[in-house]
Every structure is written in C-alpha cells, then in structure tokens.
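Here is a short briefing on one protein chain. Keep the structure in view as you read.

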Amino acid sequence: MTQTASLALNKPSVDTCCPACGGDHLVSFYNVRDVPTNSCILFDTPGEAAACPTGDIELCFCEDCGFIYNARFDKRLTEYSGRYEETQGFSPTFSKFHRALAERLIEEHDLAGKRVTEIGCGKGEFLLLLSELAGVKGTGIDPSALQARIEGTPGAERVTLIPEYYQEHHGDAEADAIVCKMTLEHIPNAEEFLLTVRRSLENHPDTLVYFQIPETSRILEHCAFEDIYYEHCAYFTPGSLGRLFRRCMFDVIKLGVEYDNQYLTIEATPSVGTPLPALSVEDDLATSALQVRTFERRNAQIKAHWQAVVEDAKRRGETVALWGSGSKAVSFLTTLGLGDDIDAVVDINPHRHGHYMPITGQKIIGPEELVNVDPGLVIVMNRIYVPEISEDLARLDLSPKITAL
C-alpha cells in the first residue's frame with residue numbers, strides 16, 4: 001500500500017465543512033488509501049490481523065482556522081474496547097515524563113485531595129499517579145477502561161474507571177479539574193465535543209481544563225507521516241487549538257509543547273464573558289498554510305529516504321526490526337508498503353506480546369526474543385526512546401545499527 005497522487009490542494013473530494021469552525025475554505029493535501037482503521041487493537045492470529053478493517057485518509061486544511069482533519073473518516077470503522085492497548089507506561093522515559101507532568105499540575109493548580117475527571121483515560125495510569133502522589137479522587141471515562149486492571153495498584157482505591165464515551169452528564173461529578181490527554185485527535189466533531197465539555201462546566205467557572213494532543217506543527221514541518229493514521233481524524237497546531245477553545249467559550253491560560261515537541265498542551269478555564277485575547281504563539285496560520293502547500297513534495301522525499309534505508313539493509317542481507325508496535329509502526333509499514341521487508345516488530349509492553357500487526361501480520365515480540373532475530377538494523381519508531389532502547393540492546397549483547405524516525 002502506498003500513498004496515491006495528491007489532490008494538489010484541490011477542494012476535498014467529499015462534501016464537507018470544517019468540524020472545528022464550520023468554514024468551507026478547505027484544501028486537500030495528503031491522501032493514503034486502504035490503511036488499517038485500528039492500529040492499537042490486539043489481534044490474536046495472523047488471519048485476524050490480515051482482516052483488519054481498512055479506510056482512507058484525506059487530510060484537509062481549513063484556511064479559516066488552521067484545523068486539519070480526515071475528510072474520509074468513518075467512526076464506525078474504529079474500535080475502542082478492552083482489547084485496545086495503548087499504554088506507554090512500560091517505558092522509563094515516558095513514565096518519568098508522566099510523573100513530572102502529574103507533579104506539575106498538582107503543584108501549579110493545587111490539586112492535592114481534589115477531584116479530577118479524565119476524559120479518554122485509557123487504562124487509568126495518569127489518574128493513579130495523581131491519586132498516589134496527592135490523594136486525588138479520580139474518575140476516568142474511556143470505552144477501553146478496565147477497572148480490574150488497576151486493582152491492587154497504589155492509589156486505585158480513589159480511582160473509578162467508567163468504560164463509556166464522555167457525555168455531558170459526566171460533568172455532574174463537579175470536578176476541580178478535567179484532564180483530556182491524547183484523545184481530542186480521535187474525535188471527528190471537535191467543536192461539538194468541546195462545547196459538550198463547556199456545557200458541563202456552566203456552573204463551575206474555576207474548573208481547570210487541561211488537554212494534551214499530538215503537536216501538528218511538527219508533523220507538517222518534518223513530514224512525520226508515521227504520525228498520520230486513521231484513528232487520528234483531527235490535527236491541531238497551537239493556533240487552531242487556541243481558536244477552537246475560545247470559540248467554545250474558554251479562557252486560554254497557557255499553550256505549550258512538551259515531550260521533545262511531540263505533544264501540544266493547553267490549560268484553560270470556562271469563560272464567564274468575552275474570552276481572553278489570543279496568545280502570541282497562536283499566530284501560525286500563514287506558516288501552516290505554507291507547510292501544507294509544500295507537504296506533498298517534501299513528504300515524497302522523506303518516504304523515499306526510508307524506503308531506501310530498508311531496501312539497502314535487505315540488499316546487504318541484514319535482518320531489519322522495528323522497535324515499537326503502536327500506531328507509528330502501523331503507519332510506517334502500511335504507508336511505505338514495507339511489510340514483507342520487516343523481519344521483526346519489538347515492543348516493551350508485555351500486553352502486546354504474541355499479538356500481530358494489523359494487515360502486515362508480523363508477530364509482536366518482547367526485547368528478549370530479539371536475540372533470536374539478531375537484527376542488523378533496528379528502526380526506532382520514536383527517537384525520544386533511542387537512549388533506553390540502546391541500553392536494552394546492549395544488555396542483550398546486541399549491537400545493530402540504530403536509526404530513528
């Protein structure tokens with residue numbers, strides 16, 4: 001599977017309007033066909049993996065507000081259930097970041113002993129951290145949540161996980177803070193969703209609202225095609241995120257980037273009048289428009305580079321492994337059409353071991369099993385993890401060439 005010809009900044013091929021502002025000044029700039037619609041689902045057999053539903057990606061850019069979205073997204077093709085395995089908590093690098101984030105929010109917003117609702121809580125790791133560190137009473141809402149998974153974990157006695165999609169009535173919990181991490185990018189109607197959150201806070205003007213999402217300016221600048229996949233139907237830069245929050249009657253207090261510029265964060269409170277003016281960091285509409293116009297040409301060069309990296313390794317007779325089996329790996333394999341050239345896919349998350357990559361079918365193995373593969377090349381799906389992966393490889397007495405996206 002490879003990317004088809006771009007629509008060269010034509011109008012979207014489907015009848016659509018911007019889900020963030022309702023505008024109709026739209027351009028289409030990136031297309032991929034027949035990609036897996038569920039990149040974090042655990043498939044038990046190669047047959048199940050090969051039969052994973054597929055869909056199309058057509059990224060459209062709103063010239064009015066800067067929002068980017070997949071005009072071909074169909075939420076009926078995605079699954080968020082107990083077999084959706086997205087946790088990053090087994091990585092020491094991520095765990096250190098996660099803990100520091102929890103400590104910062106607790107200190108800066110006086111959350112000790114307070115009530116926190118997390119929308120899209122996954123398996124509840126962040127709420128557990130807040131509870132363990134500061135006695136926070138947490139409620140997590142996520143269709144893939146598993147209460148049994150946290151039983152016996154420090155802080156679990158103060159955390160309740162609700163396996164549902166967020167709805168307005170969940171705001172009845174009167175939370176002191178609402179947290180939503182790596183979730184908004186999965187929601188096709190961004191404005192409608194944020195208005196739902198805002199209505200739930202109508203009588204709670206002091207509630208902190210903290211959102212964290214992938215940072216799209218980086219994706220556009222570096223043509224990070226591995227960060228474009230079906231479940232992510234919404235893409236935000238600081239400007240488009242700030243504009244959305246103010247349209248939905250929030251005061252934007254802070255916008256920032258974290259985790260090697262991969263995550264975009266926003267802190268806001270419900271506005272009780274005219275929302276506060278835009279922050280200087282939000283002035284990015286012209287830059288985004290330029291990056292969109294040149295994306296196809298630059299992306300073709302990036303793709304050709306990675307195809308050459310793998311092809312050269314195979315020509316030398318080397319075994320090639322990907323480190324990381326999540327959404328980035330799925331996008332890397334299917335967008336480049338390299339499924340047959342990758343010999344192993346490694347992940348440190350034990351819940352993913354023994355399952356199979358969607359469509360391409362590689363069995364996901366743990367690091368210890370990589371000894372049997374003896375790779376000549378390891379491609380790391382996220383460069384922030386290179387130091388810890390290098391240590392793991394050295395511990396296993398393996399010395400392959402390491403390169404990273």
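Which residues in helix H5 are buried? In H5, which covers residues 190-200, they are Ala190, Phe193, Leu194, Thr196, Val197, Arg198 and Ser200. Keep in mind that this is a predicted model.

**Helix H5 and its surroundings**
- The buried residues of H5 pack against both strands and a helix.
- The strands are E4 (115-119), E7 (177-181), E8 (208-214), E10 (250-258) and E11 (263-270).
- The helix is H7 (238-247).

**The whole chain**
- The protein chain holds 11 helices and 16 strands.
- A compact globule of 405 residues would have a radius of gyration near 22 Å. The protein chain has 21 Å, which agrees.
- The C-alpha trace spans about 65 × 55 × 35 Å along its principal axes.
- Of the 405 residues, 57% are buried.
- Take the contacts between residues at least 6 apart in sequence. Of these, 68% join residues at least 24 apart.

**Surface and charge**
- The protein chain exposes about 16400 Å². Carbon and sulfur atoms supply 50% of that area.
- There are 36 positive and 60 negative charges.

**An open sheet of 5 strands**
- The strand order in this open sheet is E14-E13-E12-E15-E16, and the pairing is parallel.
- Strand E12 (residues 320-323) pairs with strand E15 (residues 377-380) in the parallel sense, over 4 bridges.
- Val320 has Leu377 in E15 as its bridge partner.

**Two residues with positive phi**
- Most residues other than glycine have a negative phi.
- Met249 is not a glycine, yet its phi is positive, near 65 degrees. Met249 sits in the loop between H7 and E10. Its relative accessible area is 34%, so Met249 is partly exposed.
- Asn261 is not a glycine either, and its phi is positive at about 65 degrees. Where is Asn261 found? Asn261 lies in the loop between E10 and E11. With 45% relative accessibility, Asn261 counts as partly exposed.
- Partly exposed covers the range between the buried cut-off, under 20%, and the exposed cut-off, over 50%.

Note on methods
Residues are numbered from 1 along each chain as its sequence is written. This is a predicted model: local features need pLDDT of at least 70, side-chain atom pairs count only at pLDDT 80 or more; totals for chains, interfaces and linings use all residues. Side-chain values use heavy atoms; hydrogens and water are left out. Buried means under 20% relative accessible area, exposed over 50%, partly exposed in between (1.4 Å probe, protein chains only). Contact means heavy atoms within 4.5 Å. The radius of gyration is taken over C-alpha atoms; the globule rule is 2.2 Å times the number of residues to the power 0.38. Accessible areas come from the Shrake-Rupley method with a 1.4 Å probe; for residues, only the protein chains shown count as cover. Lys and Arg count as positive and Asp and Glu as negative; His and the chain ends are not counted. The place of a charge is taken as NZ of Lys, CZ of Arg, CG of Asp or CD of Glu. Two strands pair if DSSP finds at least two bridges between them.
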